[in-house]
Amino acid sequence: MAWFRAGSGVARLAIRRTLSQGGSYATRSRVIPPQNRFFHSTVFKSKAQTAPVPRPVPLSKLTDNFLDGTSSVYLEELQRAWEADPNSVDESWDNFFRNFVGQAATSPGISGQTIQESMRLLLLVRAYQVNGHMKAKLDPLGLEEREIPDDLDPALYGFTEADLDREFFLGVWRMSGFLSENRPVQTLRSILTRLEQAYCGSIGYEYMHIADREKCNWLRDKIETPTSMQYNCQRREVILDRLIWSTQFENFLATKWTTAKRFGLEGGETLIPGMKEMFDRSADLGVESIVIGMPHRGRLNVLGNVVRKPLRQIFSEFSGGTKPVDEVGLYTGTGDVKYHLGTSYDRPTRGGKRIHLSLVANPSHLEAVDPVVVGKTRAKQYYSNDTDRTKNMGILIHGDGSFAGQGVVYETLHLTALPSYTTGGTIHIVVNNQVAFTTDPRAGRSSQYCTDVAKALNAPILHVNADDMEAVVHVCELAAEWRQTFHSDVVVDLVCYRRFGHNEIDEPSFTQPKMYQVIRNHPSALEIYKKKLLESGQVTEEDIRRIQEKVLTILNEEFLASQDYIPRRRDWLSSHWTGFKSPEQLSRVRNTGVKPEILKNVGKAITTFPENFKPHRAVKKVYEQRQQMIETGEGIDWAVGEALAFATLLVEGNHVRLSGQDVERGTFSHRHSVVHDQETGEKYCPLDHVVINQNEEMFTVSNSSLSEFAVLGFELGYSMESPNSLVIWEAQFGDFANGSQVIFDQFLSSGESKWLRQTGLVLLLPHGYDGQGPEHSSARLERFLQMSDDNPYVIPEMEPTLRKQIQECNWQVVNVTTPANYFHVLRRQIHRDFRKPLVLMAPKNLLRHKECKSNLSEFDDVQGHPGFDKQGTRFKRLIKDQNEHSDLEQGIRRLVLCSGKVYYELDEERKKVEAKDIAICRVEQLCPFPYDLIQRELKRYPNAEIVWCQEEPMNMGAYSYIAPRLSTAMKALDRGTMDDIKYVGRSPSAASATGFYQVHVKEQTELVYYELDEERERVDGKEIAIRRLEQLCPFPYDLVLRELRHDEIVWCQEEPMNMGAYSYIAPRLCTAMKAMGRGSWEDIKYVGRGPSASTAIGFSQVHKNDRLRLSS
């Protein structure tokens, strides 16, 4: 074994000479050339040729712990200080010197050894523990060119070939590994052999960055024990069987579907047996349920071989993804491609136990599923009362490029130790292809390893050569043991390769010619392992042939069965969701009012502090005012309405969780759900004491880290586990929510349509124009409405006993204006037989607005009280004009429809000018559109002109969503068309709001003034246009006008109606047409897909049919 290397220059020889003469060890530094930068190494700096002169050492240095020190510059000073006063150095150094001084002179064979030599030897041991991974054989292709750090060269410490068989005194230390063995005297050869075996084989360990002696000792004990990776014949046969399944599954798919994208696992097939062994070991250690998240590469193999999705179903999806047959109550959605789908299964383990596995469905957006998995795991722990977090575990599989490149990885890692987000540790497996799509590591990351980001969390990182099957099994088991022992994250870096391109029809040699020249001639992991077992004599050729034939027979049988496979009514929700309705099953509307006595009781609980608790005087005053609200039943404000919703749901046995930045106090200092004692700092949450002996997590309110993407993803995963919970994420300002746009687009808006998974997650997005500038005004209401999948030209069934409008829509978007309506919309999330996401434009200045109050009687279920109507007390989708108007008011000249806080400004101006001939109605629920209530108001005011008023610019807010739907409602009553809707609001704008407060005041004043004064004309400003074909925006009016000589005007697109360019093209095309007297909006014919929550269909045959229909 080549331990010693040739000198690398004069400086190196000088240092070696200095050390051999008994001088101090001087730290050096060397920079690795960038072209060889694949892995991390310690960097040294060159010194002068002469021996360094020892300098006075500060007293603080003299107390450095031996186990934590990395330099020996001051070793002699430490020895002198110890000789003068043993108490002047750290206890570990005291033990060190006592060991050597006490035994060096008496131990046979080491009389010539110096204390300096022993200390250098210990530094060599430490160098292997810190940097041994740099010498490990990790690359299965052998392409990596890593320079081995000099601190792994014994010559650096003054040792020569002649010293190999000398015995050295190491002592016995308070640390694990071979230094703890009762062998204080060992030869240098045996020491180096052990270090090479432990740290420089097929596994590279990074753990010395962990500042915890117990954890490091635990790992040292596992790493430096020489018998830890020895498997018996029976165990090896199991591993072989699993590797054959993994390999032949990919080969079978490649044979049957040669040109299909499947993102196979070739080159990393050892992942499958590694995961199975990890799960077996986890089950032995008490894990009962595992939630898995992973990208597309290897997903089908994991689905089929690990989670046990029926192979015939997977094969059927390859043959075209037959859409399930129509069946009463069966909702199939749009589907998704096969390598995005998830499933769950109760899997038996090798130890005779059963473990529940859930693979979460996810989009192509790499790493976006990470926080979803962690949130779902945390929810499982709550519902199974897993308080020590050992029964439920999350496992995330990553790619090397995405683990280093995607910010959500760090955002998710950062949640690991936060009290309201921790899951007791996640196991991360990086399937390290050593290339990301076409990008080499040197262009894809700045760090040596793709896993370096995990060091910030003090997670151990286990690099392993994926061609060494048993090494993979070992690190997978070690990762499971770490997680169950220390309840923290651990990373397995599976260094493998990708036998084909990014997908099977991609050509990787365009960009990595040398790598793929090697790959083409490289044996598979199965071939390598078979050879190893045959050479050991533990397995015969006949044993291998028998296993391979068994696997191939099963694969062929499942393939034949797939040809007649028809998806049945699927178990599209987990057991917690039994009895919940799909979008095609009618769910009756329920009342959400609460008995008055319950409101009074919980109201008292949420406004009372314990004796001797001393809150801030301003908070105390707030709570006293809240007590008065409950006692009098009048003036209930926003925060009290919210707290009453939470409290009443808790009384009914539901779990409530509120999370986000600064939610405990509230961004606008309105909530104060957690109060701090001003003398002791003790916290008190009144909502934790609504029910006797209430579970401390039954109500959870928690400030989150400063993350939108990961925290929203976490709450989404949490909400998907059980329907019996109100899970809420609040943005600090609605504007900041777009930091989590991937969750909105890929999961929340379309998850039910693509993957048949419901969620009742609530988004609170503070929204409103208060003069705070473009980043604190708009929650981008228009984006959520644009992603809504209801058809703007078809009025659905609106009869209350038959209405499925909300069930058939992908989510709900509301802009609520009263505390009572807020109370009811939150309770409505729980009091029905299905779940839908709720996007709520939360108020800012309405939190303390003198008019934005409700009476307690609007919350109860008493007949005759203000909130009670024909159906009972429930959320009001539209609030009619608050003047005493009859069912028919012919004298009203203008009906103003609006949403949100602009109502209060309009109403104030109306009262000021005494405009009694103007009616103002609030559309509280924007999506799905309340056609029945809108038509009720249109009938009430038959002579009124119709106005839509909003604060937002014309190209934002609700206008583009409301206009076609309002027009549809009007046409059904012969009340006009789109042209008869008057718009009042800000002109189109690129920024959501002005940054100048005086401009804001002027805009807001004009908006209200023009709305209520019919003699003034509104100035629209310039139109922001959209151009078809090559240029959509700005819209080419001149060219369109030139072409408007044809009889029929058609807009055709392949995207769904609520996506693509249609909603933007139509009004601008209409403007051009009207300028030529060519008609209005209704004269534009639309050809394209119908509205949809998902961007595209997942069933290939349905997609083809759609294309044929469009082209015809």
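Analyst: Tyr382 has a relative accessible area of 17%, so Tyr382 is buried. Buried means under 20% relative accessible area, exposed over 50%, and partly exposed in between (1.4 Å probe, protein chains only). This is a predicted model, in which local features need pLDDT of at least 70 and side-chain atom pairs count only at pLDDT 80 or more, while totals for chains, interfaces and linings use all residues. Residues are numbered from 1 along each chain as its sequence is written, and side-chain values use heavy atoms, with hydrogens and water left out.

User: What is the relative accessibility of Tyr383, and how does Tyr383 count?

Analyst: Tyr383 is at 26%, so Tyr383 counts as partly exposed.

User: How are the rings of Tyr382 and Tyr383 arranged?

Analyst: Rings of Phe, Tyr and Trp (its six-membered ring) pair if their centres lie within 6.5 Å; planes under 30 degrees apart are stacked, over 60 edge-to-face, the rest tilted. For Tyr382 and Tyr383 the centres are 5.0 Å apart and the planes stand at 80 degrees, so this pair is edge-to-face. The whole structure holds 32 aromatic pairs. Phe252, Trp257, Phe315 and Phe559 belong to one aromatic cluster.

User: How many residues are in the largest nonpolar core?

Analyst: In soluble globular proteins, nonpolar side chains tend to be buried together. A nonpolar core here is a set of buried Ala, Val, Leu, Ile, Met, Phe, Trp, Tyr and Cys residues joined through side-chain atoms within 4.5 Å. The largest one has 154 residues, and those with the most contacts inside it are Leu644, Leu763, Leu765 and Trp948. Helix H22 (residues 638-651) gives this core its largest share, 9 residues. A second, separate core has 97 residues, among them Leu124, Ala127, Leu462 and Ala466.

User: Which residues does Leu763 touch?

Analyst: Leaving aside residues up to four places away in sequence, Leu763 touches Leu712, Trp729, Phe744, Leu748, Phe784, Leu838, Val839 and Leu840. Contact means heavy atoms within 4.5 Å.

User: What is the strand order in the open sheet of 7 strands?

Analyst: Strands of a sheet pair through backbone hydrogen bonds, either parallel or antiparallel. Strands (E, at least two residues) and helices (H or I, at least four) are DSSP runs numbered from the N terminus, and two strands pair if DSSP finds at least two bridges between them. The order is S14-S11-S15-S16-S18-S17-S24, with mixed pairing. At the edges are S14 (699-703) and S24 (925-927), each pairing on one side only. Strand S15 (residues 725-730) and strand S16 (residues 762-766) run parallel and are joined by 3 bridges.

User: How many salt bridges are counted?

Analyst: A salt bridge is a side-chain nitrogen of Lys or Arg within 4 Å of a carboxyl oxygen of Asp or Glu. By this rule there are 55. In one of them, the closest N and O atoms of Arg910 and Asp881 are 2.6 Å apart. This pair links distant parts of the chain, 29 residues apart: Arg910 is in helix H29 (residues 902-913), and Asp881 is in the loop between strands S21 (878-879) and S22 (894-898). Both Arg910 and Asp881 are buried.

User: Where are Asp917 and Arg893, which also form a salt bridge?

Analyst: Their side chains meet at 2.5 Å, N to O. Asp917 lies in the loop between H29 and strand S23 (918-923), and Arg893 in the loop between S21 and S22, 24 residues apart. Asp917, at 26% relative accessibility, is partly exposed, and so is Arg893, at 23%.

User: Which residues are linked in a network of salt bridges?

Analyst: The network links Arg235, Arg242, Glu277, Asp280, Arg347, Arg350 and Glu477.
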